[in-house]
Amino acid sequence: MHFKMKDDYINKAVPLGIILLLLEVSFFNSGVIFSLLVAMGMIYVGRKRLPSTTGKLFFWFGIFFFAISILSMMTFKFLLLAIVIHFIIQYYQSRKEPKTVQPIINKETSEEIVIEKKPLFENSLFGDRKTPDHVFEWNDINIQSGIGDTNVDLSYTVLPKGETVIFIRNFIGNVQVLIPYDIEVSIQHSSIAGKATVFQYEGPKRFNQSVQYETAGYQKAEQKVKIFTSFLIGDLEVKRV
């Protein structure tokens, strides 16, 4: 019963939030899109000019204006209110439904061994990421970050047989992936603003693009790399080393 009420609440709150956002942008606060784009542009320009004084001013003023734009939105206030109501509902439901203790029954079962492995990159809100400049053990990459560049150099590691996956979601920043010559590649890239450069092909600056590239021998290759990237603002570069 508790989970059903929770799911019903979420199923109602999410569509209502989307409708409220569309109404706000269309009729009541159409300038918020322009404000957000200006703020993101200031962040991007400021980060490119760091550590100069001008770069710092652009970067931090962009962060400030972006936060002010989000906080002033009616949709954000609705979301905040919905979260508070959600936790209140959870609290009262937990008071009504007493905790039950299940008896422990000993059964002879074979325990499955699970090994936790340290990822190459951790999720981060700010800062650049780069693979080591020495030999390292490879683990597939699946990260999301806020603002910063990411550099992945595969020439210092031994890739396993089969398909290797690199999945990078970025708010603002560039990604560079260096691929050895004997490795086949498949790329799926999307961004709101930026360009994709893959080997000799340099794409133009595009708005709201989604592109796919694949080397000729990818499907039959024993060793291959699949790259997924998703940016708000930033460039993708894939090159051979």
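In which sense do strand β4 and β6 pair, and over how many bridges? Strand β4 (residues 150-153) and β6 pair in the parallel sense over 4 bridges. Two strands count as paired if DSSP finds at least two bridges between them. The model is a predicted one: local features need pLDDT of at least 70, side-chain atom pairs count only at pLDDT 80 or more, and totals for chains, interfaces and linings use all residues. Residues are numbered from 1 along each chain as its sequence is written, and side-chain values use heavy atoms, with hydrogens and water left out.

The protein chain holds 4 helices and 12 strands. Helices (H or I, at least four residues) and strands (E, at least two) are DSSP runs, numbered from the N terminus. Of the 241 residues in the protein chain, 34% are buried. Buried means under 20% relative accessible area, exposed over 50%, and partly exposed in between (1.4 Å probe, protein chains only). The chain exposes about 16200 Å², and carbon and sulfur atoms supply 62% of this area. Accessible areas come from the Shrake-Rupley method with a 1.4 Å probe; for residues, only the protein chains shown count as cover. Contacts were also examined by sequence separation, a contact being heavy atoms within 4.5 Å. Among those between residues at least 6 apart in sequence, 65% join residues at least 24 apart.

Strands of a sheet pair through backbone hydrogen bonds, either parallel or antiparallel.

Strand β6 (residues 175-179) is mostly covered, with 4 of its 5 residues buried. Strand β12 in turn runs parallel to strand β8 (residues 196-198), with 3 bridges between them. Threonine 197 stands opposite glutamate 237 in β12.

The structure contains 4 aromatic pairs. Rings of Phe, Tyr and Trp (its six-membered ring) pair if their centres lie within 6.5 Å; planes under 30 degrees apart count as stacked, over 60 as edge-to-face and the rest as tilted. Phenylalanine 59 and tryptophan 60 form an edge-to-face pair, at 5.0 Å centre to centre and 85° between the planes. Phenylalanine 59 is buried at 7% relative accessibility, whereas tryptophan 60 is exposed at 55%. The rings of tyrosine 201 and tyrosine 213 have centres 5.8 Å apart and planes at 50°, so this pair is tilted. Tyrosine 201 lies in strand β9 and tyrosine 213 in strand β10 (residues 206-214), so the pair ties together parts 12 residues apart in sequence. Tyrosine 201 is partly exposed at 38% relative accessible area, and tyrosine 213 is partly exposed at 22%. Phe59, Trp60 and Phe126 form one aromatic cluster.

A nonpolar surface patch consists of Leu57, Phe61, Phe64, Phe65 and Ile68, with about 480 Å² of accessible area together. Patches are made of residues with over 30% relative accessible area and no salt bridge; like charges are joined within 9 Å, and nonpolar side chains (Val, Leu, Ile, Met, Phe, Trp, Tyr) within 5 Å. Phenylalanine 64 lies in helix α3 (residues 53-71) and is partly exposed, with a relative accessible area of 46%.

A search of the whole structure finds 4 salt bridges. A salt bridge is a side-chain nitrogen of Lys or Arg within 4 Å of a carboxyl oxygen of Asp or Glu. Glutamate 222 pairs with lysine 161, the closest N and O atoms being 3.6 Å apart. This pair links distant parts of the chain, 61 residues apart: glutamate 222 lies in the loop between β10 and β11, lysine 161 in the loop between β4 and β5 (162-172). Both glutamate 222 and lysine 161 are exposed. A salt bridge also joins glutamate 163 and lysine 226, with closest N and O atoms 3.9 Å apart. Glutamate 163 in strand β5 and lysine 226 in strand β11 are 63 residues apart. Glutamate 163 is partly exposed at 39% relative accessibility, whereas lysine 226 is buried at 19%.
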